[in-house]
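Open your viewer, switch to a cartoon view, and keep the selection panel within reach. This tour moves from helix packing to aromatic rings, one selection at a time.

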Amino acid sequence: MSTDRPSPVAPVCLVLGALLGLGGSFAPSASLRGIAWGLDGTFLVVAASLLAVHCLRRNLELAAAGFLVFMAGQTLVVSGSAMSLEASSPLFAAGGGLWAAALLMISIPQVMPMLARALGVVAAVLFAATSLQIFSGRSLTPLSEPLPFLAYPVFVLTLFTWAWWCRSTAARS
C-alpha cells in the first residue's frame, strides 16, 4: 500500500462514527444511545489508528501523535457508552480533555485543509471548556446544554473534513 494515501477504510469509519455519535445524542432510549455510541467509538478508534499509521509513514509525527491521543480519548469516552449519563461524566471529561489535546495536535501542523484545522481548534476549545468544568466539580453530562451538546456539531464537521481529506488525498495520489 502506498504511503501517499490513507487507507480507504479510514474515511468510511470517520463518517460512520460521526453519524452514529450524533445519532446517539438524539436516541430515544438509553439502550439505543449506548449501541450508537459504542459503535461510533469503535469506528472512530479504527479510523484514528489508520490515520496515525498513515501520518507516521509520511513522517508527520505531531499529527500521528494527535491521532494516537485521539484514540486514547475515544477509548475513555466509549467505555462510558452503556452507563447512565451521570455515571459516565468523569470518563467523558477525561476523554473530552484528550480529544481537545488531540484536535489541537492534528490541527497545528499544516496537514489537514484550513477548514478542518479551524473546526478542530474550535471543537478543541469547546471540549476543553467542558472537561475543565466537569473536573472542577460542575455537574455536566455528555448531553448537557449548552456544552458539550453544542460541541458535537463542530466535532462532527471536523470528522467529515478529515474524511474528505482522506478521499482528496487518495484522489491526488
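For helix packing, an axis is a line fitted to C-alpha atoms over the stretch in contact, and angles run from 0 to 180 degrees between N-to-C directions. Keep in mind as you go that this is a predicted model.

**Stop 1: α4 and α5**

Select residues 114–135, which form helix α5, together with α4. The two pack at about 150°, and 8 Å separates their axes. Angles over 145 degrees count as roughly antiparallel, so α4 is roughly antiparallel to α5.

**Stop 2: α2 and α3**

Next, pick helix α2 (residues 30–57) and helix α3 (residues 61–79). Here the packing angle is about 165°, with the axes 8 Å apart. That angle makes α2 roughly antiparallel to α3. Once again you are looking at a left-handed crossing, this time of α2 past α3. Colour the contact of α2 with α3 by residue class and you will find 15 nonpolar, 6 polar and 1 charged.

**Stop 3: F67 and W162**

Now show the aromatic side chains; the structure holds 12 aromatic pairs. Begin with F67 and W162, whose ring centres are 5.2 Å apart, with 75° between the planes, an edge-to-face pair. F67 belongs to helix α3 and W162 to helix α6 (residues 151–172), so this pair ties together parts 95 residues apart in sequence. Are these two residues buried or exposed? Both F67 and W162 are buried.

**Stop 4: F70 and W99**

Stay with the rings and select F70 and W99. Their centres lie 6.5 Å apart and their planes meet at 20°, so this pair is stacked. The pair, too, links distant parts of the chain: F70 sits in helix α3 and W99 in helix α4 (residues 85–107), 29 residues apart. Buried means under 20% relative accessible area, so F70, at 1%, counts as buried. W99 is buried as well, with a relative accessible area of 3%.

**Stop 5: the ring cluster**

Which residues do ring pairs link into a cluster? Select F67, F70, F92, W99, F127, Y152, F155 and W162 to see them together.

**Stop 6: R33 and W37**

Finish with R33 and W37. The charged end of R33 sits over the ring of W37, and the distance to the ring centre is 5.7 Å.

Notes. Residues are numbered from 1 along each chain as its sequence is written. This is a predicted model: local features need pLDDT of at least 70, side-chain atom pairs count only at pLDDT 80 or more; totals for chains, interfaces and linings use all residues. Side-chain values use heavy atoms; hydrogens and water are left out. Helices (H or I, at least four residues) and strands (E, at least two) are DSSP runs, numbered from the N terminus. Angles under 35 degrees count as roughly parallel, over 145 as roughly antiparallel, 65 to 115 as roughly perpendicular and the rest as oblique. A crossing is left-handed if the near helix is turned anticlockwise from the far one by less than a right angle, and right-handed if clockwise. Ala, Val, Leu, Ile, Met, Phe, Trp, Tyr, Cys and Pro count as nonpolar, Asp, Glu, Lys and Arg as charged, and the others, Gly among them, as polar. Rings of Phe, Tyr and Trp (its six-membered ring) pair if their centres lie within 6.5 Å; planes under 30 degrees apart count as stacked, over 60 as edge-to-face and the rest as tilted. Buried means under 20% relative accessible area, exposed over 50%, partly exposed in between (1.4 Å probe, protein chains only). A charge sits over a ring if NZ of Lys or CZ of Arg is within 6 Å of the ring centre and within 35 degrees of the ring normal.
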